[in-house]
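Please keep the viewer open as you read.

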Amino acid sequence: MEAWVRFSAQSQARERLLRAAQYACTLAGAALNSGTSSGTLSRLQQLEAHLSLGRKLLRLGGSAEALGGAQRSLHLPDPVLRFCLTLSHLNRALFLACDNVLWAGKSGILPSLDSHKWSQRAFRYYLFALVVNLSRDAYEIRVLLERAEAAGKRGKSPENRPQVRADGGIQRLRLQLQLQLRLLLQVLRDNPPLLLDLLRNACDLVIPLEKLGLCRSSPGLVGLCGLTSSVLSILTILHPWLKLKP
């Protein structure tokens, strides 16, 4: 009960819950599209729109927090992490700023706002942030793979190291790929925060790609990916040790 009280007291946690409910409505609408009355689908779409507007309200002022994160990441000693995290925070700040403008338009404060233009602009910043986040994940994986390979070489004497004996270049390449894949799976299994961050960013990537028309997918896939990433985000809030640290 105490954990739930701490969770529900956070605006980010409430926003994640609304996000999960929003994409659950998207997924349900896609699943019920063929055999459901138009009234039910209309109610689901209305609920989804209200949840989206509620999320925008909870994100008001989030740009300042993102800018603060960008300022803090400037002091990271690793140049790659410093670049990726700073750029990610800046793009998130711009995305949230556009999102705040969209909220003002949808709430009637700016009735003449071109919602489509601002929505496309927001999703472009969101896409840039996700690409940078995935680049950061790839860098973290590369560093961990290099450490694991170095530790494996130190732990085995030259005569005990597995020798790659293959007659053809294709077989040798296949064996090397199998070894790399096995090592990658081990690294991800041993680092749950990195695995969750990679899965969350990969799921989220589907949403701006679809909204910007860069990759056509079904509403069901968008709803499933959005719901999955929302659940993963909720897990990192409930269990902070699962959040990937700089």
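Are Glu 15 and Arg 16 buried or exposed? Glu 15 is buried, and Arg 16 is buried as well; here buried means under 20% relative accessible area, exposed means over 50%, and partly exposed is in between, with a 1.4 Å probe and protein chains only.

A word on the ground rules. This is a predicted model, in which local features need pLDDT of at least 70 and side-chain atom pairs count only at pLDDT 80 or more, while totals for chains, interfaces and linings use all residues. Residues are numbered from 1 along each chain as its sequence is written, and side-chain values use heavy atoms, with hydrogens and water left out.

**Overall make-up**

The protein has nine helices and zero strands. Both kinds of element are DSSP runs numbered from the N terminus, with helices being H or I of at least four residues and strands being E of at least two. Of the 246 residues in the protein, 37% are buried. Among contacts (heavy atoms within 4.5 Å) with a separation of 6 or more, 73% join residues 24 or more positions apart.

**Charged pairs**

Back to Glu 15 and its partners. A search of the whole structure gives nine salt bridges, each defined as a side-chain nitrogen of Lys or Arg within 4 Å of a carboxyl oxygen of Asp or Glu. Three of them are set out here, including two that involve Glu 15.

| Salt bridge | Closest N and O atoms |
|---|---|
| Glu 15 and Arg 16 | 2.8 Å |
| Arg 55 and Glu 15 | 2.7 Å |

Arg 55 is buried, like Glu 15. A network of salt bridges links Glu 15, Arg 16, Arg 55, Lys 56, Arg 59 and Asp 99.

Asp 197 and Arg 200 are about one helical turn apart, because they are three residues apart in helix α8 (residues 192-211). Asp 197 has a relative accessible area of 11%, so it is buried.

Gln 22 lies in helix α2 and, at 8% relative accessibility, counts as buried. Beyond its neighbours within four places in sequence, Gln 22 is in contact with Glu 48, Leu 51, Ser 52 and Arg 55.

Asn 100 belongs to helix α5 and counts as buried at 17% relative accessibility. Leaving out residues up to four places away in sequence, Asn 100 touches Lys 56, Arg 59, Leu 60, Gly 61 and Ser 63.

**How the helices pack**

Helix α4 (residues 62-73) and α5 have axes 8 Å apart and pack at an angle of about 170 degrees. The axes are lines fitted to C-alpha atoms, for helices over the stretch in contact, and angles run from 0 to 180 degrees between N-to-C directions. At that angle, α4 is roughly antiparallel to α5; the classes are roughly parallel under 35 degrees, roughly antiparallel over 145, roughly perpendicular from 65 to 115, and oblique for the rest. Residues making the contact include Ala 66, Leu 67 and Ala 70 of α4 and Leu 85, His 89 and Asn 100 of α5. By class, this contact of α4 with α5 has eight nonpolar, seven polar and two charged residues. Ala, Val, Leu, Ile, Met, Phe, Trp, Tyr, Cys and Pro count as nonpolar, Asp, Glu, Lys and Arg as charged, and the others, Gly among them, as polar.

What angle do the axes of helix α6 (residues 115-154) and helix α7 (residues 169-190) make? They cross at roughly 110 degrees and come within 10 Å, which means α6 is roughly perpendicular to α7. Ile 141, Leu 144, Leu 145, Ala 148 and Glu 149 of α6 meet Gln 180, Leu 183, Leu 184, Val 187 and Leu 188 of α7. The contact of α6 with α7 has eight nonpolar, one polar and one charged residues.

**The nonpolar core**

In soluble globular proteins, nonpolar side chains tend to be buried together. A nonpolar core is a set of buried Ala, Val, Leu, Ile, Met, Phe, Trp, Tyr and Cys residues joined through side-chain atoms within 4.5 Å. The largest one has 16 residues, of which Phe 95, Ala 122, Phe 123, Tyr 126, Ile 207 and Val 222 touch the most other members. At least two residues of this core come from each of α5 (79-106), α6, α8 and α9 (219-238), and α6 supplies the largest share, five residues.
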